[in-house]
Amino acid sequence: MNVEVTPLPGIGTRQDFAIRAGRRVGVITYRDGKFELIVSKQDDPDATAASVPLAPEEASTLAGLLGAPQLVAQLREQHREVGGITTRQLPVTAFASRALGDTALRTRTGASIVAVVRAGVAHPSPGPEFLFDQGDLAVVVGTATGLDAAAEILTGGRG
């Protein structure tokens, strides 16, 4: 897809793309950190038919809903033939503003974080120094037991 980025002087940036239905869908990122989901009119791609203002955490959650499932589906397909290994996306609520290494996840559970999805962007193979943000989704690979333990750690902050 061809994403067009348009600077909006004094406001921020507009990023949008054309969908099959002939409309444009995108996001305005404001300088103050807020976002606006926009949809153009059918007959005028420069005119907005609908817009939804989003706080940063709302935008991050929406991006995760849109981006993480594709990544998880790809990983599931890759691990399908490996018995006992599963992929799951887990919210990282207990470790916001902390490093991945602080979780000691692999040592404690045997499960591994193979990517972090932030605002719809996948960050593959994050190292121990990777800092989590509020709204991040960790893509975790491991056994069912390891994934259950990882979910408890990432969402409950055990330890």
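Q: Let's start with Glu36: which strand is it found in?
A: A quick heads-up: this is a predicted model, where local features need pLDDT of at least 70, side-chain atom pairs count only at pLDDT 80 or more, and totals for chains, interfaces and linings use all residues. Residues are numbered from 1 along each chain as its sequence is written, and side-chain values use heavy atoms, leaving out hydrogens and water. Helices (H or I, at least four residues) and strands (E, at least two) are DSSP runs, numbered from the N terminus. Glu36 falls in the run of residues 35–40, which is strand S4.

Q: How far from Glu36 is the nearest side chain of opposite charge?
A: Glu36 is buried yet has no salt bridge; buried means under 20% relative accessible area, exposed over 50%, and partly exposed in between (1.4 Å probe, protein chains only). A salt bridge needs a side-chain nitrogen of Lys or Arg within 4 Å of a carboxyl oxygen of Asp or Glu. For charge, Lys and Arg count as positive and Asp and Glu as negative, while His and the chain ends are not counted. The nearest side chain of opposite charge belongs to Arg14, and the distance is 9.2 Å.

Q: Which residue has a side chain in polar contact with that of Glu36?
A: A polar contact is a pair of N or O atoms within 3.5 Å; within protein, one must be able to donate a hydrogen and the other to accept it, and residues adjacent in sequence count only if both atoms are side-chain atoms. Glu36 has one of 2.3 Å, and the partner is Tyr30.

Q: Leaving aside neighbours within four places in sequence, which residues is Glu36 in contact with?
A: Contact means heavy atoms within 4.5 Å. With neighbours within four places left aside, Glu36 is in contact with Gly26, Val27, Ile28, Tyr30, Ser51, Val52 and Pro53.

Q: Zooming out, in what order do the elements of the protein chain run?
A: The chain has 3 helices and 9 strands. Going from the N terminus on, they run β-β-β-β-β-α-β-α-β-β-β-α.

Q: Which strands are the edges of the open sheet of 4 strands?
A: The order in this sheet is S6-S9-S7-S8, with antiparallel pairing; two strands pair if DSSP finds at least two bridges between them. An edge strand pairs on one side only, and here those are S6 and S8.

Q: Over how many bridges do S7 and S9 pair?
A: S7 covers residues 112–118 and pairs with S9 in the antiparallel sense. Ala115 stands opposite Val139 in S9. The pairing of S7 and S9 runs over 5 bridges.

Q: Which helix packs on this sheet?
A: Look for the element that touches S6, S7 and S9 and whose direction makes about 10° with that of S6. Axes here are lines fitted to C-alpha atoms, for helices over the stretch in contact, and angles run from 0 to 180 degrees between N-to-C directions. The helix spans residues 144–156 and is H3.

Q: Which residue forms a salt bridge with Glu4?
A: The structure holds 7 salt bridges, and in this one the closest N and O atoms are 3.4 Å apart. Glu4 lies in strand S1 (residues 4–8) and its partner in strand S3 (residues 24–30), so the pair ties together parts that are 20 residues apart in sequence. Glu4 is partly exposed, at 39% relative accessible area. The partner of Glu4 is Arg24.

Q: Is Ser125 buried or exposed?
A: Ser125 lies in the loop between strand S8 (121–124) and strand S9 (137–142). Its phi is positive, about 50°, although it is not a glycine. With a relative accessible area of 61%, Ser125 is exposed.

Q: How far apart in space are Asp43 and Arg23, C-alpha to C-alpha?
A: Asp43 sits in the loop between S4 and strand S5 (48–54) and counts as exposed at 70% relative accessibility. Asp43 and Arg23 are 20 residues apart in sequence, and their C-alpha to C-alpha distance is 7.9 Å.
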